[in-house]
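Reader: I have a model open and would like to go through it piece by piece. Could we start with the strands and then move on to the helices?

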Amino acid sequence: MEILQQESWQLELLISGFAIFLLAESYESVHNLDYQIDLLLSGSTYYGLLYIPYQVLLGAWYVLIINLILHVLLRGLWISTIGLRYVSGDIDFNKLNISPKFDRFLRSKIVSFDLYIQQLEKLCSAVFGFTFLIIFILISGGLFVVGIVIQAMTMEGISSRFGGPWVLVIVPFLLLYLLGGFIYFLDFITLGWIKRKKRIARFYYPIYRFFSVITLAFIYRPIYYNLLDNKFGRNIVLFLIPYLIGFTLIASLTVNTHAYLPGNRTLQSISNNFYDDTLEDSASYSASISSKFVKNGYAQLFLPYVARMDDKVIEAICPDLKPAKTGFFFFGNNDPLRKNMNADLALDCHVQRFKIYVNDTLLNNLKYRFHEHPARKNIGLLTVLDVGYLPRGEHAIKVDVQILENNNGKDTLFFRETALIPFWKE
């Protein structure tokens with residue numbers, strides 16, 4: 001075991017280098033996962049649970065890439081000091097021939113070169129272990145939040161199905177869960193202070209066991225307690241909280257150098273997401289046309305279908321249209337309800353949700369078709385507007401969408417403007 005510990009730096013460097021390479025290669029894949037989640041979220045709010053593991057994955061990605069690069073730099077410095085020690089030996093202050101004032105200062109601040117190498121090696125190993133401890137703490141935090149969200153969604157489901165009073169059944173469990181989580185977290189950041197208090201430790205024991213399982217803390221528990229049995233390790237654990245706070249603050253910092261740019265400028269701005277050839281946010285749910293410049297007299301308009309918002313409207317418009325099953329592992333396109341659904345009737349129900357205007361003129365008798373957007377990868381309606389009669393210059397397409405709103409206990413359908421898309425006829 002001692003030999004393995006002495007040679008562990010080689011494994012650390014190998015793992016760090018390989019991990020940095022994989023992390024750099026996976027940058028786009030990791031950061032594009034939010035788009036896939038947005039696509040699922042357009043079908044149901046329950047898929048919002050996927051944002052929690054995504055945020056954990058994103059945080060873990062940044063922690064790994066930053067800490068492992070730091071680890072490689074420190075290991076490189078450590079290896080260079082070993083080589084230098086072999087060439088020149090320890091520091092000989094007598095040969096430096098410096099003034100007594102600086103000699104006293106440097107002797108007090110610079111330890112022996114051998115001790116410096118040992119401290120540097122200790123720091124490198126600590127950074128490596130500290131990195132993976134943070135990863136598992138992020139996972140534990142994510143699992144705890146998942147528990148909160150599941151209970152909140154359960155409360156919402158019970159409230160919508162059985163009425164508000166039934167929510168009171170879940171509220172005590174949620175409050176106990178939050179209180180227990182706070183106590184568990186307090187014990188963690190105080191390095192086991194609650195465990196050392198014999199009078200309250202026995203009451204804390206079931207809470208500790210429960211959250212150890214919920215957060216998978218048993219995976220990193222040996223690392224945590226191995227750090228607590230010495231002063232250097234305790235300082236590392238205490239550094240966790242300011243490290244995570246500082247990491248979060250730095251990640252959220254933005255720099256604004258435009259003094260005269262107003263924050264609320266939506267009406268005075270033009271969005272790239274209105275045009276397919278300049279689309280920035282592929283998960284945007286806004287209507288869009290091919291380009292802001294119409295050259296051939298035809299403007300292609302895409303109207304996205306966002307199931308979690310639009311399904312209730314379609315159900316209100318067409319109560320006789322039976323919806324197909326949805327979910328993770330149903331029959332997909334083999335669902336009998338999907339096969340037997342009248343496509344013309346379904347298309348007509350979707351079409352009734354929209355009113356399209358060009359320069360305040362309502363367009364009638366438009367031809368709509370179902371269409372999967374090649375960039376957004378979501379399904380909606382596509383129609384082509386004949387704007388050849390318009391003069392050269394700036395014009396606008398206005399999209400009004402029918403929405404469902406509860407007023408005084410009654411669901412009411414009404415149209416609301418959701419997009420005003422400027423375009424230029426050439």
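Reader: Which residue in strand 9 stands opposite alanine 396?

Author: Bear in mind that this is a predicted model. Strand 8 (residues 393-407) pairs with strand 9 in the antiparallel sense, over 15 bridges. Within strand 9, the residue opposite alanine 396 is proline 422.

Reader: And strand 2, in which sense does that pair with strand 9?

Author: Strand 2 covers residues 293-294 and strand 9 covers residues 410-425, with 2 bridges between them. Valine 294 sits opposite lysine 425 of strand 9. The sense of the pairing between strand 2 and strand 9 is parallel.

Reader: Okay, the open sheet of 4 strands next: which are its edge strands?

Author: The strand order in that open sheet is 1-3-7-6, with antiparallel pairing. An edge strand pairs on one side only, and that picks out strand 1 (288-289) and strand 6 (368-372).

Reader: What is the bridge partner of proline 304 in strand 7?

Author: Strand 3 (residues 298-304) and strand 7 (residues 379-386) run antiparallel to each other and share 7 bridges. Look in strand 7 for the partner of proline 304, and you land on glycine 380.

Reader: Something helical lies across strand 6 and strand 7. At what angle does helix 15 run to strand 6?

Author: Helix 15 is made of residues 343-351, and it lies across both strand 6 and strand 7. Relative to strand 6, helix 15 runs at about 90 degrees.

Reader: On to helix 11 and helix 12: why are they called roughly parallel?

Author: The axes of helix 11 (residues 231-238) and helix 12 (residues 240-252) come within 4 Å and cross at roughly 30 degrees. Angles under 35 degrees count as roughly parallel. So helix 11 is, relative to helix 12, roughly parallel.

Reader: How many nonpolar residues are in the contact of helix 11 with helix 12?

Author: From helix 11 come Ile236, Val237 and Leu238, which meet Leu240, Ile241 and Pro242 of helix 12. No polar and no charged residues take part in the contact of helix 11 with helix 12, and the nonpolar count is 6.

Reader: Last stop, the largest cavity: how many charged residues are in its lining?

Author: The structure has 1 cavity of 30 Å³ or more, and the largest cavity holds about 110 Å³ of space. Helix 8 (171-189), helix 9 (198-214) and helix 10 (221-228) each supply at least two residues of the lining. Among the lining residues are Tyr184, Asp187, Lys195, Tyr208 and Arg221. By class, the lining has 8 nonpolar residues and no polar ones, and the charged count is 3.

Methods:
Residues numbered from 1 in each chain as written. Predicted model: local features only at pLDDT ≥ 70, side-chain atom pairs only at ≥ 80, totals over all residues. Heavy atoms only, no water. Axes fitted to C-alpha atoms, helices over the stretch in contact; angles between N-to-C directions. Parallel < 35°, antiparallel > 145°, perpendicular 65-115°, else oblique. Contact = heavy atoms within 4.5 Å. Nonpolar A, V, L, I, M, F, W, Y, C, P; charged D, E, K, R; others polar. 1 Å grid on protein atoms, 1.4 Å probe; cavity = no way out; pocket = protein on both sides within 12 Å on 5 of 7 lines; lining within 4 Å. Points joined across faces, edges and corners; volume = space filled by probe spheres on them. Pairing = 2+ DSSP bridges.
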